[in-house]
Amino acid sequence: MRWLITGGSGFIGTNLATHLTERGDEVVVIDDLSRNGSELNAAFLLEKYRLEPHRVDVSNRAQMEDFFAQEKPFDAIAHLAGQVSFLASLEDPRRDFEVNAIGTLNVLEQVRLHSPETAVIGMSSNKVYGDLTQIRMVEEETRYVAPDYPRGFGENLPLEFHGPYGCSKGTADQYLSDYGRMFHLRTASLRQSSVYGPHQHPRSDQGWVAHLLEEAVAGRTIQLNGVGKQVRDLLHATDLARLFVALEETIDAGVGYQLNVGGGVENSLSILELFAWIEDKTGLSVDFRTGQARPSDQLVFVSANETVSALTGWAPEVSVDTGLSRLLAGLTR
Ligand SMILES: NC(=O)c1ccc[n+]([C@@H]2O[C@H](COP(=O)([O-])OP(=O)(O)OC[C@H]3O[C@@H](n4cnc5c(N)ncnc54)[C@H](O)[C@@H]3O)[C@@H](O)[C@H]2O)c1
């Protein structure tokens with residue numbers, strides 16, 4: 001198998017490149033190294049697997065055409081390159097659109113024109129469902145819950161793109177599906193919220209699990225957006241990497257799969273519960289202040305995983321306790 005990973009020096013890309021290389025697949029990486037920490041990941045992949053990223057900007061059509069002309073064909077593409085921050089999308093909506101929407105179109109066009117049998121698996125977002133204010137949410141002691149969705153949300157939630165990031169990811173999500181249907185390509189768009197694991201270089205607005213863990217272990221006072229009861233289902237990056245392989249083996253042409261993907265209800269966690277977990281494991285006391293909620297922040301997003309599991313047989317294997325313990329061990333080593 002020959003894979004292309006766009007954004008392959010990013011957090012998820014580095015975990016995927018590791019997984020694919022370890023199983024004997026050939027991996028080609030493109031990345032513009034614009035993300036803080038992507039150079040560190042690139043250095044890791046170079047040293048460990050002799051993998052060097054091609055410096056290509058996915059939003060640049062000429063660069064993409066040159067790259068594909070030289071390097072095609074691929075059996076599968078994991079399209080991970082993206083502008084990943086909701087806040088950055090508010091500061092520079094045009095760049096956000098260029099990277100997330102045009103970048104995805106550039107990938108799809110290369111496949112449509114030159115290698116229509118290549119599978120394309122793209123990373124979308126729970127943000128395509130808007131802020132979910134239409135869903136009844138109840139505040140409990142440590143978390144919000146959506147009592148009408150005890151097993152999490154399926155793909156039948158109405159689409160509602162909020163914020164430039166939601167719009168650009170939503171556009172990419174729709175193009176992925178539509179190219180599947182219209183041009184009979186093998187595409188899938190994964191809608192997930194929080195992925196965590198090694199090789200993540202978090203910021204306050206992206207990679208919240210690793211960010212809060214780092215801040216807590218460093219003993220810094222943490223300023224929260226909201227009251228800390230927001231819930232996400234945490235998906236470990238190694239579980240996501242296994243899913244890419246399972247999807248490549250299963251997805252048919254002509255469908256344009258749209259799949260909610262996450263750690264599922266068993267691996268759902270609120271920020272307050274994360275703090276309680278840290279205090280329990282480390283004996284530290286986490287110092288935090290509550291604050292204004294972020295615009296358009298969903299109170300709960302938990303993926304039901306029913307469609308993706310029925311399609312591929314995949315299910316998350318790394319429990320939150322195991323995944324967090326590994327992260328913590330990495331920080332305190
Ligand atoms: N991490 C999560 O929890 C999460 C959740 C939902 C969706 N996603 C999506 O998954 C994908 C990967 O996320 P991640 O967490 O690994 O982010 P990341 O920032 O670690 O990785 C993205 C990589 O893309 C590269 N990149 C950015 N713009 C580029 C461009 N124009 N051309 C080429 N490379 C470019 C960056 O340098 C970086 O290495 C993104 O599309 C993101 O929106 C991630």
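Trainee: How far apart are the end C-alpha atoms of helix α6 (residues 163-182), and what should its 20 residues span at 1.5 Å a residue?

Mentor: The model is predicted, and the values below are computed from it. The end C-alpha atoms of α6 are 27 Å apart. Just after α6, His184 has a positive phi of about 55°.

The check can be repeated on helix α9, residues 271-282. Its 12 residues should span 16 Å at 1.5 Å a residue, and its end C-alpha atoms are 16 Å apart, which agrees. Within α9, the residues Ile271, Leu272, Leu274, Phe275 and Ile278 are buried. These residues cover an arc of only 160° around the axis, so they lie on the same side of α9. The elements that cover the buried residues of α9 include α7 (208-217), β12 (268-270) and β13 (288-289). α9 is followed by Gly283, which has a positive phi near 80°.

The ligand is the remaining item. It is surrounded by 28 residues, and the closest are Gly7, Gly10, Ser38, Gly82 and Met123. By class, this shell has 10 nonpolar, 14 polar and four charged residues. At least two residues of the shell come from each of α1 (11-22), α5 (93-114) and β8 (194-196). α1 gives the most, with three residues.

Definitions and conventions
Residues are numbered from 1 along each chain as its sequence is written. This is a predicted model: local features need pLDDT of at least 70, side-chain atom pairs count only at pLDDT 80 or more; totals for chains, interfaces and linings use all residues. A residue is near a molecule or strand if its C-beta atom, placed from the backbone, lies within 6 Å of it. Helices (H or I, at least four residues) and strands (E, at least two) are DSSP runs, numbered from the N terminus. Ala, Val, Leu, Ile, Met, Phe, Trp, Tyr, Cys and Pro count as nonpolar, Asp, Glu, Lys and Arg as charged, and the others, Gly among them, as polar. The expected span of a helix is 1.5 Å times one less than its number of residues. A residue is buried if 20 or more other C-beta atoms lie within 10 Å of its own, exposed if 12 or fewer, and partly exposed in between; C-beta atoms are placed from the backbone. The arc is that of the directions from the helix axis to the C-beta atoms. Two residues are in contact if their C-beta atoms, placed from the backbone, lie within 7 Å.
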